[in-house]
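Subject: Structure for your review

Dear colleague,

Please find below the structure that I am handing over to you. My notes on what was found in it follow directly after.

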Amino acid sequence: MLNLKLAVTTFLLALLIGCASNEVPDPDPTDSTYDAVGSSTDTDVYGNDPLGAGQAIGDDYTAGELTNIIYFDFDSSEVRADFTDVVARHALILANDATIRVRLEGHADERGSREYNIGLGERRAQSVRRMLMIQGASAAQIATVSFGEERPVALGSDEDSWAENRRVEIKYTN
Amino acid sequence: MLRNAIIVGFALCLLASGARGDITVEITKGGVARTPVAVVPFGWTGQPADLPVDIAEVIAADLQRSGRFAPIPEENMLQKPTTGAELDFDDWSFVKAEAVVVGRVVQTGDNAYDVSFQLFDVFRREQLVGYRIPASRGTMRIVAHRAADMIYEKLTGIKGVFATKVAFVTAERDADGQTYRLVVADQDGANETVILQSRDPIMSPAWSPDSRRLAYVSFENDRSSVWVQTLRTGNRIEVSDKPGINGAPSFSPDGRQLALTLGGIDGNLDIHVLDLSTRQTRRLTTHRAIDTEGSWSPDGRYIYFTSDRSGGPQVYRVPASGGTPERVTFEGGYNARPRMSPDGKRLAMVHLDRGNYRIAVMDVRSKELLIVSAGQQDESPSFAPNSDTLIYATRQARNGVLETVTADGLIRQRVSSGQGDVREPVWSPFPRY
């Protein structure tokens with residue numbers, strides 16, 4: 001039973017990777033497959049060509065002030081399309097200098113159970129971590145921590161506050 | 001470095017409870033008839049000011065707070081006997097008291113007292129229980145709670161929990177961030193003691209079965225780690241500081257193992273069991289989803305936990321010795337932080353009920369789910385050791401406050417602390433004398 005399950009999962013995963021491979025000519029980070037595929041396979045698909053991912057994003061790639069905060073939708077750990085540029089720019093900084101270290105601090109809004117929210121914050125931090133690594137950062141450069149709902153920036157109990165609190169903060173630690 | 005300062009308190013560092021603001025209790029819902037009882041002021045031969053604790057007041061407050069009793073005001077008492085021999089049952093029938101407690105305190109040494117009490121059934125005109133307990137000034141309050149426990153059990157058939165404690169976390173905001181405190185208090189809010197203070201979050205306190213230690217999560221140095229602290233000495237040991245998440249500790253019923261959540265460098269949260277003497281960890285779940293909030297069944301056979309392997313969080317259980325997890329909850333899209341009652345009959349959890357996070361209690365056998373709280377963001381249910389009552393955190397304006405509710409949902413009351421955002425209450429086991 002378990003083996004069958006495993007076989008089916010492997011098959012589905014292979015299928016997914018297959019799909020993703022077909023889309024390599026268009027390495028748009030906003031493409032949904034970018035987040036949807038499992039972590040290790042992502043690295044295989046995009047990791048070989050980190051520059052390609054950078055170029056595809058557009059002319060304003062290095063323009064403007066670089067924010068360190070990535071916001072997330074409710075109940076989601078997927079990096080939103082409007083933040084893929086930001087993550088890519090941080091990835092470039094890390095890829096260009098292997099001595100630079102960051103800590104990704106994941107956060108959740110206040111709703112629900114606290115330890116589960118630690119899990120949600122970690123999932124968001126990992127989602128950013130994977131994106132950074134796909135684009136050339138190395139695992140040794142990145143640490144993650146999740147504070148769950150323990151360190152809110154907005155104190156209200158409303159949609160706006162919750163949206164502000166669902167975030168990953170990229171902190172340069174050296 | 002200053003922001004990482006950790007202050008560890010221990011039992012001797014009692015904060016004057018009045019100074020920190022006592023926890024006061026107000027009843028928010030009472031669905032059962034309250035039995036009128038009389039707790040007559042205790043006899044005392046010394047100066048009134050020299051009596052360390054007003055025993056009758058403590059007992060009456062305990063009974064009142066249970067939601068099942070209505071103590072008769074002192075001014076309505078027609079007589080104030082201190083022994084059973086002086087009792088005139090007609091006087092008590094007249095004021096409609098169904099039970100009467102009488103007692104006295106006698107000083108037997110410099111810091112030694114005898115507290116005696118007797119409980120009488122007014123209708124049957126007989127004694128139900130009578131006891132004499134030695135006390136010191138320091139123990140007199142807890143002796144009063146023990147007396148209340150015996151009286152409560154005689155009258156209701158349910159073991160009293162008035163001599164138990166509650167641990168919880170508070171957070172207070174200032175210009176530079178927050179101060180987090182791990183607090184232990186008597187279950188009526190007296191003797192509030194800060195056992196740990198930190199500028200970094202403190203989470204998930206869990207009692208050892210002998211109520212002598214607390215496990216908790218600390219984020220000192222910007223990473224999570226699990227600690228076990230001995231209350232009496234303040235001595236604390238870091239028992240888990242693996243890469244990634246270290247969270248959600250829960251003692252096994254024999255106190256030798258700790259279920260906890262480890263995330264690892266890739267952030268895959270799974271339930272592990274840590275042997276506290278060998279420091280070896282054993283991985284119990286392996287799913288890619290979030291598996292967390294493990295807690296033991298009272299017989300030690302299972303660990304109940306939260307997992308979102310099916311999409312949203314649901315409660316699962318896995319044999320503590322290892323095996324295949326099985327899903328436990330099916331009602332609703334969000335069920336988390338399972339805690340089993342000490343008698344093993346009920347499972348409490350956080351349940352999303354039409355947009356509100358509420359405390360629900362599931363009958364383990366029938367699987368029937370009963371919502372027992374009424375807030376919008378209720379969390380952290382924890383059973384009293386008698387399995388009859390739960391404590392949890394709810395919101396009052398922006399701050400968390402504590403409430404208790406009977407497992408049948410009929411009697412709900414607020415326990416409000418004056419200091420900051422109060423969260424994650426956990427009820428201690430029965431004390432061992």
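Val101(B) lies in strand β6 of chain B, which covers residues 99–109. In this predicted model, Val101(B) has 26 C-beta neighbours inside 10 Å and therefore counts as buried. Leaving aside residues up to four places away in sequence, Val101(B) touches Ala38(B), Val39(B), Val40(B), Ile59(B), Phe117(B), Leu119(B) and Ile151(B). By contrast, Gln377(B) is 276 residues from Val101(B) in sequence, and the two C-alpha atoms are 40 Å apart in space.

One of the residues touched by Val101(B), namely Ile59(B), is also among the buried residues of helix α2(B). This helix spans residues 55–65 of chain B, and 9 of its 11 residues are buried, so the helix is largely enclosed by the rest of the structure. The buried residues are Ile55(B), Ala56(B), Val58(B), Ile59(B), Ala60(B), Ala61(B), Asp62(B), Leu63(B) and Arg65(B). Just after α2(B), Gly67(B) adopts a positive phi of about 80°.

Turning to chain B as a whole, the chain contains 4 helices and 32 strands. Its radius of gyration is 23 Å, close to the 22 Å that the globule rule gives for 433 residues, so chain B is as compact as a globular protein of that length. Along the principal axes, the C-alpha atoms of chain B fill a box of roughly 75 × 50 × 40 Å. Of the 433 residues in chain B, 48% are buried. Among contacts in chain B with a separation of 6 or more, 46% involve residues 24 or more positions apart.

Two strand arrangements deserve a description. In general, strands of a sheet pair through backbone hydrogen bonds, in either a parallel or an antiparallel manner.

In chain B, 4 strands form an open sheet in the order β24-β25-β26-β27, with antiparallel pairing. Strands β24 (335–340) and β27 (369–371) of chain B stand at the edges with a single partner strand each, so one side of each is left without a neighbour in the sheet. On average, neighbouring strands of this sheet are turned by 30° against each other, direction ignored. The antiparallel pairing of β24(B) with β25(B), residues 346–353, runs over 4 bridges, and Ala336(B) stands opposite Val350(B) in β25(B).

Strand β9 of chain B (residues 165–174) runs antiparallel to β32(B) and is joined to it by 5 bridges. Ala171(B) stands opposite Asp421(B) in β32(B).

As to the contact between the chains, 30 residues of chain B are in contact with 21 residues of chain A. On the side of chain B that touches chain A, the elements giving two or more residues are β12 (202–207), β16 (246–251), β20 (291–296) and β24 of chain B. The residues of that side divide into 12 nonpolar, 10 polar and 8 charged.

Finally, a word on confidence. Chain B averages a pLDDT of 91, and 92% of the residues score at least 70. Over residues 10–24 of chain B, however, the pLDDT is below 50, and this stretch has 33 contacts in the model beyond near neighbours in sequence. For the complex, the predictor gives an ipTM of 0.91 and a pTM of 0.85.

With kind regards

Note on methods:
Residues are numbered from 1 along each chain as its sequence is written. Chains are lettered from A and ligands numbered from 1 in the order in which they are written. This is a predicted model: local features need pLDDT of at least 70, side-chain atom pairs count only at pLDDT 80 or more; totals for chains, interfaces and linings use all residues. The radius of gyration is taken over C-alpha atoms; the globule rule is 2.2 Å times the number of residues to the power 0.38. A residue is buried if 20 or more other C-beta atoms lie within 10 Å of its own, exposed if 12 or fewer, and partly exposed in between; C-beta atoms are placed from the backbone. Two residues are in contact if their C-beta atoms, placed from the backbone, lie within 7 Å. Two strands pair if DSSP finds at least two bridges between them. Axes are lines fitted to C-alpha atoms, for helices over the stretch in contact, and angles run from 0 to 180 degrees between N-to-C directions. pLDDT is the predictor's confidence in each residue, from 0 to 100. Ala, Val, Leu, Ile, Met, Phe, Trp, Tyr, Cys and Pro count as nonpolar, Asp, Glu, Lys and Arg as charged, and the others, Gly among them, as polar.
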